[in-house]
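Subject: Structure handover

Hello,

Here is the structure I promised to pass on. Please open it alongside this email, and my notes follow below.

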Amino acid sequence: MNLFKRKEPDELAKYSKWIKICEELINKEYPPLTSSINFTNLEIERDSKLNFSKLKNWQLICEEILDTEHSHIYYQKCFNELLNRGKSKDEILKMRKIAWLTVGWLNYVQMLWEWVDLDEKDIKIAIELQFNSSIINVNQKNELLDFIDLHK
């Protein structure tokens, strides 16, 4: 481990901007009550019948980070699945915040552009990259990794 890593001003500036964007995203109603784009009744009906029981917790959280639009029903189903697994609303909101700040950063700021699947493995990659870029310190890294593992 290099204790004398240099903070890259450009990466820190990008991350500071990303934090502000994430704060806006996190402060929006979740799960959303309406969709941001128009979906057909058929699409809404299809989403209402989805079963997310086979997805891992972090996959459910990361669904909104994927470069894909889903209906508000889809996100409500993700949220309800996490509640059914014993997650509290506060835990889910904290999980969302961490996901947006890590894998959201990886997907949008670092331009990974994943639109198929994101989960805790991707979050851990983002945490490692943030640590290696000196965006977060070793204590923050360890706290994040502990939280990720706690909510697998």
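First, a question to take to the viewer: is Ser-134 buried or exposed? Ser-134 counts as buried, because its relative accessibility is 6% and the cut-off for buried is under 20%. Keep in mind throughout that this is a predicted model.

**Backbone points**

Ser-134 is also worth a look for its backbone. Its phi is positive, about 65°, although Ser-134 is not a glycine. You will find Ser-134 in the loop between α6 and α7 (138-150).

Met-111 is another non-glycine residue with a positive phi, here about 60°. Met-111 is in the loop between α5 (89-109) and α6 (120-132). Is Met-111 buried or exposed? Met-111 counts as exposed, because its relative accessibility is 55% and exposed means over 50%.

Next, go to Tyr-30 and Pro-31. The peptide bond that joins them is cis, with omega at about -5°. Pro-31 is part of the loop between α1 (9-26) and α2 (41-48).

**Asn-57**

Asn-57 is in helix α3, which covers residues 57-62. Asn-57 has a relative accessible area of 6%, so it is buried. What does the side chain of Asn-57 reach? It reaches the backbone oxygen of His-151, at 3.2 Å.

Which residues is Asn-57 in contact with, once neighbours within four places in sequence are left aside? They are Leu-82, Arg-85, Lys-87, Met-95, His-151 and Lys-152.

**Helices α5 and α7**

The last item is a helix pair. α5 and α7 pack at an angle of about 130°, and their axes are 11 Å apart. That angle makes α5 oblique to α7. The crossing of α5 past α7 is left-handed.

Which residues make the contact? From α5 they are Glu-91, Lys-94, Met-95, Ile-98 and Thr-102. From α7 they are Leu-144, Phe-147 and Ile-148. Sorted by class, this contact of α5 with α7 has five nonpolar residues, one polar and two charged.

Best wishes

Conventions. Residues numbered from 1 in each chain as written. Predicted model: local features only at pLDDT ≥ 70, side-chain atom pairs only at ≥ 80, totals over all residues. Heavy atoms only, no water. Helix = DSSP H or I, 4+ residues; strand = E, 2+ residues; numbered from the N terminus. Buried < 20%, exposed > 50% of the residue type's maximum accessible area, 1.4 Å probe, protein only. Polar contact = N/O pair within 3.5 Å; in protein donor to acceptor, adjacent residues only side chain to side chain. Contact = heavy atoms within 4.5 Å. Axes fitted to C-alpha atoms, helices over the stretch in contact; angles between N-to-C directions. Parallel < 35°, antiparallel > 145°, perpendicular 65-115°, else oblique. Left-handed = near helix turned anticlockwise from the far one by under 90°. Nonpolar A, V, L, I, M, F, W, Y, C, P; charged D, E, K, R; others polar.
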